[in-house]
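Please look over the protein chain shown below.

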Amino acid sequence: MTFKSLKELDTTESRSCALLFNFNNKDLMSIKSIFRLIGISDIIILKNENLNTVIKDILEDNLLNDSEDKINSRAIIFNNIESRKISSVSDNLKRLKIQRPLLATVTETSVNWDLKNLLCNLQEEAISLNTSKISIHKK
């Protein structure tokens, strides 16, 4: 598992957007309000039926709706968003008492993963951080 400062992250796609996975309508409304205040206007809503879609395809609005798998975690995945805006989103989620979702940015590696693989790796990282165990990304 590798960690980088938010300032060091470089996204591979130029579209500045946030991918929201598995949020209920109430939380979606709150998160969209946070995004409006911060200046994030391009939002892609994702559900379990989109799990087979490759991140690059999601960014190009080519969603697959054929997954029968289910992941219960909620996630916000940022693409080409400034680190200060990501930090602000995280801070505002705490202020609004929204249960912390998995947070990530699209990287050169993850842009070629399907959504399911990305979310599974994020879940493993979260477990590793909470238990102080090292995790290795699955491809």
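The sections below go from the whole chain to single residues.

## Basis

This is a predicted model, in which local features need pLDDT of at least 70, side-chain atom pairs count only at pLDDT 80 or more, and totals for chains, interfaces and linings use all residues. Residues are numbered from 1 along each chain as its sequence is written, and side-chain values use heavy atoms, with hydrogens and water left out.

## Overall build

The protein chain has four helices and four strands. From the N terminus on, they run β-α-β-α-β-α-β-α. Helices (H or I, at least four residues) and strands (E, at least two) are DSSP runs, numbered from the N terminus.

The chain holds 139 residues, and 41% of them are buried. Buried means under 20% relative accessible area, exposed means over 50%, and partly exposed lies in between (1.4 Å probe, protein chains only). The accessible surface comes to about 8,300 Å². Carbon and sulfur atoms account for 47% of that surface. Accessible areas come from the Shrake-Rupley method with a 1.4 Å probe; for residues, only the protein chains shown count as cover.

Contact means heavy atoms within 4.5 Å. Among contacts between residues at least 6 apart in sequence, 72% join residues at least 24 apart.

## Salt bridges

Side chains of opposite charge can pair when their charged atoms come close. A salt bridge here is a side-chain nitrogen of Lys or Arg within 4 Å of a carboxyl oxygen of Asp or Glu. The count comes to five.

One of them joins R15 and D61, at 3.2 Å from N to O. R15 lies in the segment before β1 (17-21) and D61 in the loop between α2 (55-59) and β3 (75-79), so this pair ties together parts that are 46 residues apart in sequence. R15 is partly exposed at 21% relative accessible area, whereas D61 is exposed at 52%.

D69 pairs with K116, at 2.9 Å from N to O. D69 sits in the loop between α2 and β3 and K116 in helix α4 (residues 115-131), so the bridge links parts 47 residues apart in sequence. D69 is partly exposed at 34% relative accessibility, and K116 is partly exposed at 29%. Salt bridges that share partners also join R15, D42 and D61 into one network.

## The D27 pair

What does D27 contact beyond its neighbours within four places in sequence? Its partners there are R74 and I98. D27 lies in helix α1 (residues 25-38).

With R74, D27 forms a salt bridge, the closest N and O atoms being 2.6 Å apart. R74 is in the loop between α2 and β3, so the pair ties helix α1 to a part 47 residues away in sequence. Is D27 buried or exposed? D27 is buried, at 14% relative accessibility. R74 is buried as well, with a relative accessible area of 16%.

## N48 in its loop

N48 is in the loop between β2 (43-46) and α2. At 12% relative accessibility, N48 counts as buried. Leaving out residues up to four places away in sequence, N48 touches F21, N22, S67, D69, K70 and I71. D69 is also the salt-bridge partner of K116.

The side chain of N48 has a polar atom 2.7 Å from the backbone nitrogen of I71.

Key. A polar contact is a pair of N or O atoms within 3.5 Å; within protein, one must be able to donate a hydrogen and the other to accept it, and residues adjacent in sequence count only if both atoms are side-chain atoms.
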